[in-house]
Amino acid sequence: MSVLTRDEAQLRAQFLDVHRYTVELDLTTGDETFDSRTAIRFTARSDGDTFVELKPAELRSATLDGQPLDPESLNEDRLPLKNLTAGEHELRVHAVMRYSRTGEGMHRFTDPSDGETYVYTQMFMDDVQRIFAAFDQPDLKAVFDVSVKAPEGWTVLANGVTARHADGTWQAAPTPLISTYLVAVAAGPWHSVRTEHRGLPFGIHCRRSLAPHLDTDADEILDITRACFDRYHEKFEEPYPFDSYDQAFVPEFNAGAMENPGLVTFRDDFVYRSAVTDTERQTRAMVIAHEMAHMWFGDLVTLKWWDDIWLNESFAEYMGYQTTAEATRFTDPWTEFGVTRKAWGYDADQRPTTHPVAPENVDDTASALLNFDGISYAKGASALRQLAAWLGEKDFLAGINTHFKRHKFGNATLADFIDSLASATDRDVHAWADSWLRTTGVDTLTPAIAAADGTCTLTAERTGSRPHRLSAGLYDHDVADEGRLVLRERIDLDVPQATPQPIGKRPALVLLNDGDITYAKVRFDTTSFGTVRTGLSGLPDPLTRAVVWNALRDAVRDGELPPSAYLETARAHLPRETDLAVTQGVLAFAAGQLTEQYLAPRERPAALATLTSLCRDLLRRTEDGDHPGLRLIAVRHLIGVAAHPETIAAWLADGTVPGGPELDPELRWRILARLAVLGATDETAIAAELARDPSATGQEGAARCRAALPDPAAKRTAWEAMFTGDDLSNYLFTATAQGFWQPEQADLIEEYVPRFYPDAVALAARRGPAIAVAAGRWAFPAHAVDAGNLRLGEECLRDAELTPALRRTLADRLDDLARALRVRGEGGADTTR
């Protein structure tokens, strides 16, 4: 499939004005394909040529102003429209389209629990052409009039309110002006919970097999939806711009969610069928708030070209967290942001593939797709949080509302947005944007403390170039309890500083960026570092502890703190941690990157033993039942680091952890997967568990377990399923890949390391970007931290035929590999910046 370039899009936008699409889809024609008919009314501003995009299984006919076009003229995904005259035109296209199993285009899923089938669209970024013919670029907005013929018993959801006619066709209300990538349809025998708010119909939907689980959480989901909706109407002067608000939890969804106007689609993992922590519920609330923010940022006002994706994602990310904190019972989501999302941004921003939040060189759609990463989300949101602190909330919101008013139902650029902000403040927003949005890399802030005449001054020294507004926390030991640290004061700093800041007597700990308002790596002076090592758990605020843990994580990744020291600190302080997000984040890093990559194989058993001991301490601490979330986290991680099968096998046999919790399907599959890694289960047990849980999640669990078995035949079967056959859906591919590579099985799987690169290249070329990213992320041999694996990967990157999605993912994984080698002291080129 060809990619659309920015130059082509600009020329076409100058040439065309698109008015209306009439789209008719027939989902009753079989299991492999569906019928698609499109009529597009548009105006050519002058005489000339252009093209429309579509990628059909069969192009049956196309007419322009009633005159037939040659179907054979379709070149890859472009149908030429030649010799257009200035004025009104109508293009009609009839095509047969393929269903997808990769989460792209029109994805089709049959639920193994009950045999019911569901389809839904994911048209982002250029996949509308897999569904109907379109002038597929974000700045050619139009009205969409969509009808869908569906099987008996199905419900069809769309961007607008839908109504069923007697012939089985569902008609959606015409949309306002929206971009092609935002059109959405979801069809199947949905289970729905409907209500009304502020005169608008609201609904939540899932497949029938998940109905009991959705019903359990329906009040929570709808309460959060209403609260966020109301809060956005307090912030934004423009009212919600669409006629309804549906949220559909759909199977095998590649992203967390997608902001289709009036029909947000979520991965249905958010319909919890097993126990979850309150932080996971908070994440769901944040995603609901994030996607609703997109109704304004992205849907009402849309980027003109994909170099401004931050105008969509950074704003939705910032507003999602901020509005969750303001409008829901989850009052501290910024702690989870600091531990999880921000680390994602820091990691992405230190790789060779880093890019500005607002890049200027996004030449085509393939390049744009690569920028949906930790920079566009987490770094961009951090920049906006810094901007709000710098401007003040009043001027920040005034600028946003000016932006909506100027560009509603249209398109806008970074320059447009900065001009809107500048209209609300005397500050130099253009200079701020140049410093924060046009640069790459992470600044590092280090405290410098000077003492004279019994008093001290503080200077925040910066490695980097951005201005920062932040707080420095000054902490002293509690006189009554040496294990506790008390906040003396927080002082506001602007970096670079004009003069050192007086701070009185020497604090036990000076913490820069206390409150986590800016985006920068933080270091400690010698005294403060000693305090952190002995007193971290005594810090009073979870967000403060998150900043400290992030600083320690960064120091490990930069080779300044031995991984063993991080583990020792976790062992000493995590058993006393009360915050779920902090506990989960520290354990995830320690059990993941640290033990699987940063420590040499000979050091891994001792690290797993340390983590096992830590998790057992958490279990003992939570025996009273007062901390179910912490206990669940401890159980999950104890399973994941188990070096011997006896304890977790006994849990599986008994169906419970002593003292709770009872094992739900998620915990049962988690235990069975670890037993498979340890060679303590077999195909018979996996098949029995699948019979017990034949759901889609059960199918994924079984695939993960089978791929994890330490058996040559099992590894061969898993590899062939991933790289030879093309039958695995996106989720089953990922589950198989997650099971395949195991550090405990390095000798068994050694032969597959060199096979990965040519097989992944061929797979990506055949199956497209979604599977390419899954292969690079999950099927990559990350456990093989050695120069040979790095060399093979670098050779693969020199392959000119490598698809962009795989190239980017591999480049990131290889940079992680080189970093791990440096942390181990085994070399690897320094690509940090």
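Buried means under 20% relative accessible area, exposed over 50%, and partly exposed in between, using a 1.4 Å probe and protein chains only. Helices (H or I, at least four residues) and strands (E, at least two) are DSSP runs, numbered from the N terminus. The model is predicted, with local features needing pLDDT of at least 70, side-chain atom pairs counting only at pLDDT 80 or more, and totals for chains, interfaces and linings using all residues. Residues are numbered from 1 along each chain as its sequence is written, and side-chain values use heavy atoms, leaving out hydrogens and water.

I start with helix H4, residues 309–327. Of its 19 residues, 16 are buried, so H4 is largely enclosed by the rest of the structure. From first C-alpha to last, H4 reaches 26 Å, close to the 27 Å expected at 1.5 Å a residue; that expected span is 1.5 Å times one less than the number of residues.

Next, strand S9, residues 117–122. How much of S9 is buried? Six of its six residues are. On one side sit Thr117, Val119 and Thr121, on the other Tyr118, Tyr120 and Gln122, and both faces are covered.

What does S9 pair with? Two strands pair if DSSP finds at least two bridges between them. Strand S8, residues 105–110, pairs with S9 in the antiparallel sense over six bridges, and Arg108 has Val119 as its bridge partner in S9. Six residues lie between S8 and S9 in their hairpin, where Gly115 takes a positive phi near 80°. Strand S14, residues 185–188, also pairs with S9 in the antiparallel sense, over two bridges. There, the bridge partner of Val119 is Ala187.
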